[in-house]
Every structure is written in C-alpha cells, then in structure tokens.
Amino acid sequence: MAERYRNIPIQKTISGKVGYIPTLYPSLEAANNDYYIIARAEDRLDLIAFDFYGDATLWWIIATANDIPGDSMYPPMGFQLRIPNNSSDALNAYERANTNL
C-alpha cells in the first residue's frame, strides 16, 4: 500500500469489497499573520510547504487555503498564494473533521 494511504481508515462495503473512507479537508479561514507569495513557474505546493512548514506532506494546507484542485501540485503562475502561518491549527481542524468517520 502506498505510504500516503497509511492513515486513511479502511471500511468494508456491503458487497464485502474493501474501500477507503474519504478524507475531509477543513475550511481554513484567513488570518492576519498568514504569508502571501506570488507563484512562479517552477513552484510546487510540496516544495512551498517544505519551505514554510519544514514538511512537504503538508502541501494540502496550501491547496485547501487557496481552493486549488487536488489534481496538480503546480499553482498557476502569477497566482497569489495564501500560506497559513499556523500549520498546527490546520492539522487540528483536519483531525476534528476526520475523527469518527
């Protein structure tokens, strides 16, 4: 199993097939101390997350904060990205949204 699926709960369907419970991503409200950058052609969400949070796996925080669809790691060039300053708040909101699904 791919590493990215290790924390996703598995559920059996009625037909006996195994499936994954969908992951819910919280809404992330803007704060006065958020960072803003203009995306360049070479920027990727995982690299930006590593630069700001020290953890590339937190790319989803930036994608969620900016309503970027999950099918690309590349933000549109020239797009103003909001980088939430407090990744702990985002992680806590994620945990609350995905507990007891």
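Select Trp60 first: this residue is buried, with a relative accessible area of 9% (buried is under 20%, exposed over 50%, partly exposed in between; 1.4 Å probe, protein chains only). The model is predicted: local features need pLDDT of at least 70, side-chain atom pairs count only at pLDDT 80 or more, and totals for chains, interfaces and linings use all residues. Residues are numbered from 1 along each chain as its sequence is written, and side-chain values use heavy atoms, leaving out hydrogens and water.

Now colour by pLDDT, the predictor's confidence in each residue, from 0 to 100. The chain has a mean of 85, and 83% of its residues reach 70 or more. Go to strand 3 (residues 35–38): confidence is highest here, at 98. Strand 1 (residues 10–12) is lowest, at a mean of 58. Where pLDDT is low, the predicted coordinates should not be read in detail.

Next, show the aromatic rings. Rings of Phe, Tyr and Trp (its six-membered ring) pair if their centres lie within 6.5 Å; planes under 30 degrees apart are stacked, over 60 edge-to-face, the rest tilted. The count is four aromatic pairs.

Select Tyr25 with Trp60: a tilted pair, 5.3 Å centre to centre, with 45° between the planes. Tyr25 sits in the loop between strand 2 (18–20) and strand 3, and Trp60 in helix 2 (residues 59–65), so the pair ties together parts 35 residues apart in sequence. Tyr25 is partly exposed, at 44% relative accessible area.

Tyr94 lies in helix 3 (residues 87–98), 34 residues from Trp60. Tyr94 is partly exposed, at 21%.

Finally, keep Tyr25, Trp60 and Tyr94 selected together: they form one aromatic cluster.

Technical notes
Helices (H or I, at least four residues) and strands (E, at least two) are DSSP runs, numbered from the N terminus.
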